Amino acid sequence: MTDGRIAVVGASAAGLAAVEALRRGGWTGALTLIGDEPHLPYDRPPLSKQLLSGDWQADRLGLRTTDQLDALDLDLRLGTRATALDAGTRTVTLADGERLACDGVIVATGVRARTLPGVAGTAGIHTLRTLDDALGLQTWLSGAERRLVVAGNGVLGCEAAAVARELGHKVTLVGRDPLPMRRLVGDGTGTLLATEHERHGVRMLTGVLDGVETADGHVTGVRLTDGSTLPADTVLVAIGSEPAVDWLRADAALDTTDGLRCDEFCAAAPGIYAAGDVARWYHPGHGRHLRIEHRMNATEQAMTAARNLLAELGVTEDERRPFTPVPYFWSDQYGMKLQAYGVLAGADRAETVLLDAGERRVAALYGRDGLATGVLAAGLPPRQIRGLRAVIATPGPWDEAHARLLAAVGGE
Amino acid sequence: MNITLDEDKCCAAGQCVLVAPEVFDQRDEDGIVVLLDAQPPAEQHAAVHEAAAICPAAAIQVHA
């Protein structure tokens with residue numbers, strides 16, 4: 001038996017995985033799950049895919065049934081914001097002033113979409129992070145032809161542009177880099193994506209968003225920093241995200257520079273752990289702190305954080321274990337699926353070993369400091385793609401990984 | 001144990017096959033999950049639970 005309380009702050013994929021792992025691991029005390037959105041835990045990747053296209057209704061996104069949630073015996077606080085954490089006393093403060101004294105806390109507050117200052121309330125301007133964001137944009141795109149500008153050509157902007165184009169809208173994709181997703185995936189894959197967007201009729205422009213033009217409370221165009229303007233009746237601001245750490249800033253014991261800094265066990269302080277998009281933890285295999293905004297990491301990291309918290313609290317007899325995942329992400333655009341294992345972000349070297357734009361096939365290797373750290377592929381048979389994980393499961397010498405990747409994909 | 005799949009949700013990540021290759025496979029043409037054994041033996045249960053937990057599309061349901 002355990003008494004006391006654990007609070008999990010953030011009720012999306014990571015928060016849900018954390019409370020489930022805590023119950024599985026033997027925590028029988030109070031378990032508070034706090035989410036600032038009013039919705040039961042739902043899945044985010046479909047927001048820019050099946051939900052935006054109208055293929056799925058919102059009810060398909062629920063991650064658990066109410067029966068499954070009931071079985072967890074949660075003190076569920078939805079539509080509730082945590083406003084402070086005192087790490088020393090493990091006390092969470094809620095927006096209404098209530099203070100929750102806890103034995104342990106797992107921070108899983110994720111990220112927020114970056115937006116432009118002063119555009120709140122302007123009709124036609126959207127971000128795409130939450131279910132409500134996605135439903136708003138979906139409604140906007142479900143009728144007559146729109147003139148949409150997607151500001152930002154990262155993963156989210158590219159996926160949304162593809163869906164909007166398939167819905168028949170006029171789409172302009174604007175990025176500071178001429179090739180879509182290039183900062184993450186490099187030249188070869190960026191070229192392949194540019195070919196696909198072009199072939200489907202997306203207009204691509206190089207530029208940086210400066211502001212919007214409005215008339216009568218409605219967006220009429222976007223302004224770029226080079227002084228040019230693009231007419232638009234709909235704008236998706238997809239210029240990245242920021243870790244939701246404002247509520248943690250008052251506690252000087254916590255390092256909230258680019259997420260909540262944690263050790264290899266996902267611990268930010270005694271009894272305080274973090275998981276998912278918000279967590280910047282030390283990955284021993286990569287020898288540096290990483291913060292990963294991928295769906296799979298949310299679950300895996302939450303499971304580890306929960307296990308380690310229970311070990312620290314003595315609920316289990318386990319030793320705490322470092323979190324050393326092989327990250328995975330995917331992106332769907334025009335029926336093409338990009339898949340990547342390992343770490344691409346922060347690479348100082350990227351090499352495309354296979355590129356066939358006609359067959360929509362690509363394979364590329366990414367690395368840093370002479371080591372190969374990540375691999376990306378599209379258009380290959382599933383068995384081959386799965387085999388690529390082993391190429392970079394542990395960062396190793398570039399040349400060895402390069403040879404193994406070539407052998408795996410049959411490149412030149 | 002009884003396993004059910006939501007093929008429509010499956011995102012073809014293949015993580016289930018990496019964790020429990022005796023129980024899950026992927027279709028060659030699109031990578032969608034294929035269930036090899038809906039009622040796997042006890043020695044597979046831990047791997048199946050792991051696969052269901054980490055599935056990035058929440059497409060695997062495990063029933064007692």
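Residues are numbered from 1 along each chain as its sequence is written, while chains are lettered from A and ligands numbered from 1 in the order in which they are written. Because the model is predicted, local features need pLDDT of at least 70 and side-chain atom pairs count only at pLDDT 80 or more, whereas totals for chains, interfaces and linings use all residues.

Chain B contains two helices and four strands, arranged along the sequence as β-α-β-β-α-β. Helices (H or I, at least four residues) and strands (E, at least two) are DSSP runs, numbered from the N terminus. The radius of gyration of chain B is 10 Å, close to the 11 Å that the globule rule gives for 64 residues, so chain B is as compact as a globular protein of that length; the radius is taken over C-alpha atoms, and the rule is 2.2 Å times the number of residues to the power 0.38. Along the principal axes, the C-alpha atoms of chain B fill a box of roughly 30 × 20 × 15 Å. Of the 64 residues in chain B, 36% are buried, a residue being buried if 20 or more other C-beta atoms, placed from the backbone, lie within 10 Å of its own. Among contacts in chain B between residues at least 6 apart in sequence, 56% join residues at least 24 apart; two residues are in contact if their C-beta atoms, placed from the backbone, lie within 7 Å.

The contact between the chains takes 16 residues from chain A and 14 residues from chain B. On the side of chain A, two or more residues each come from helix H7 (295–313), strand E23 (328–333) and helix H8 (382–392), with the largest share, five residues, contributed by H7(A).

The buried residues of H6(A) include A:Val185, A:Gly188 and A:Thr189. After H6(A) comes A:Gly201, with a positive phi near 95 degrees.

A:Leu376 lies in strand E27 (residues 371–378) of chain A and counts as buried, with 28 C-beta neighbours inside 10 Å. Its C-alpha atom is 6.5 Å from that of A:Tyr341, 35 residues apart in sequence.

Chain A also holds an open sheet of five strands in the order E9-E16-E10-E11-E12, with parallel pairing; two strands pair if DSSP finds at least two bridges between them. Strands E9 (125–126) and E12 (203–206) stand at the edges, each with a single partner strand, so one side of each is left without a neighbour in the sheet. Two bridges join E9(A) to the parallel strand E16 (residues 234–237), where A:Val235 is the bridge partner of A:Ile125.

Strand E7 (residues 104–107) of chain A is covered on both faces, with A:Gly104 and A:Ile106 buried on one side and A:Val105 and A:Val107 buried on the other. E7(A) pairs in the parallel sense with strand E1 (residues 5–9) over four bridges, A:Ile6 standing opposite A:Gly104. Strand E20 (residues 272–274) of chain A also pairs with E7(A) in the parallel sense, over three bridges, and A:Ala274 is the bridge partner of A:Val107.

Note on methods:
Buried ≥ 20, exposed ≤ 12 C-beta atoms within 10 Å, placed from the backbone.
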